[in-house]
Amino acid sequence: NCVGSGRFGWGYLANRALWHNKVKVCSYGELFREGDTIGVLLDMDAGTLAFRRNGKDLGVAVEGLTGELYPAFALYNRDDQLRLLPA
C-alpha cells in the first residue's frame with residue numbers, strides 16, 4: 001500500500017494527485033520531481049493539512065483533521081531520496 005491508501009491516510013503524490021482511502025480525491029498542487037523541496041504544513045488548531053513546493057504555498061489540501069496524526073513518506077524508485085529539514 002502507498003501513502004493515502006488507508007481510510008486514515010492522506011497522500012500528495014508527484015503526479016498532482018491527492019489520495020485518501022485508495023481513491024484519488026482530486027488534482028492538487030503542482031507536479032514535483034527530483035530536486036524539488038516539498039513542505040508539509042499541519043495546523044491542528046485549524047484541522048488542516050497543506051503543502052508547499054519549493055517554498056510556494058499550494059493551499060489547503062485537507063480539512064477537518066482531528067486526533068493523533070503520524071507522518072509517513074513513500075519512495076517508489078531505487079534512487080529516490082528523502083531529507084527531513086527543520087521548520
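## A walk through an all-strand chain

Start by selecting Glu30 and Lys56: their side chains make a polar contact at 2.5 Å (a pair of N or O atoms within 3.5 Å; within protein, one must be able to donate a hydrogen and the other to accept it, and residues adjacent in sequence count only if both atoms are side-chain atoms). Bear in mind that you're looking at a predicted model, where local features need pLDDT of at least 70 and side-chain atom pairs count only at pLDDT 80 or more, while totals for chains, interfaces and linings use all residues. Residues are numbered from 1 along each chain as its sequence is written, and side-chain values use heavy atoms, with hydrogens and water left out.

Stay on Glu30 for a moment. Glu30 sits in the loop between S3 and strand S4 (38–43). Show its surroundings and, leaving out residues up to four places away in sequence, you'll find that Glu30 touches Tyr12, Ala14, Arg16, Arg53, Lys56 and Leu58 (contact means heavy atoms within 4.5 Å).

**Zoom out**

Now switch to cartoon view. The protein chain has zero helices and six strands (DSSP runs numbered from the N terminus: helices are H or I with at least four residues, strands are E with at least two). The radius of gyration is 13 Å, close to the 12 Å that the globule rule gives for 87 residues, so the chain is as compact as a globular protein of that length (the radius is taken over C-alpha atoms, and the rule is 2.2 Å times the number of residues to the power 0.38). Along the principal axes, the C-alpha atoms fill a box of roughly 35 × 30 × 25 Å. Of the 87 residues, 24% count as buried (under 20% relative accessible area; exposed is over 50%, partly exposed in between, with a 1.4 Å probe and protein chains only).

Next, select 10–13, 17–20 and 23–27, which are S1, S2 and S3. These three strands form an open sheet in the order S1-S2-S3, with antiparallel pairing (two strands pair if DSSP finds at least two bridges between them). S1 and S3 stand at the edges with a single partner strand each, so one side of each has no neighbour in the sheet. On average, neighbouring strands here are turned by 30° against each other, direction ignored (axes are lines fitted to C-alpha atoms, for helices over the stretch in contact, and angles run from 0 to 180 degrees between N-to-C directions).

Four bridges join S1 to S2.

Then hop to Ser27, which is in strand S3. Ser27 is partly exposed, at 46% relative accessible area. Draw a line from Ser27 to Arg83: they are 56 residues apart in sequence and 25 Å apart in space, C-alpha to C-alpha.

**The hairpin**

Last stop: select 38–43 for S4 and 48–53 for S5. Six bridges join these two antiparallel strands, and Val40 stands opposite Phe51. S4 and S5 form a hairpin with four residues between them, and Gly47 in the turn has a positive phi of about 70°.

Finish on Ile38, in strand S4. How accessible is Ile38? At 29% relative accessibility, Ile38 counts as partly exposed. Arg53 is 15 residues away along the chain, yet the two C-alpha atoms are separated by 4.7 Å. Setting aside neighbours within four places in sequence, Ile38 is in contact with Tyr12, Phe32, Phe51, Arg52 and Arg53. Tyr12 and Arg53 also touch Glu30, which brings you back to where the tour began.
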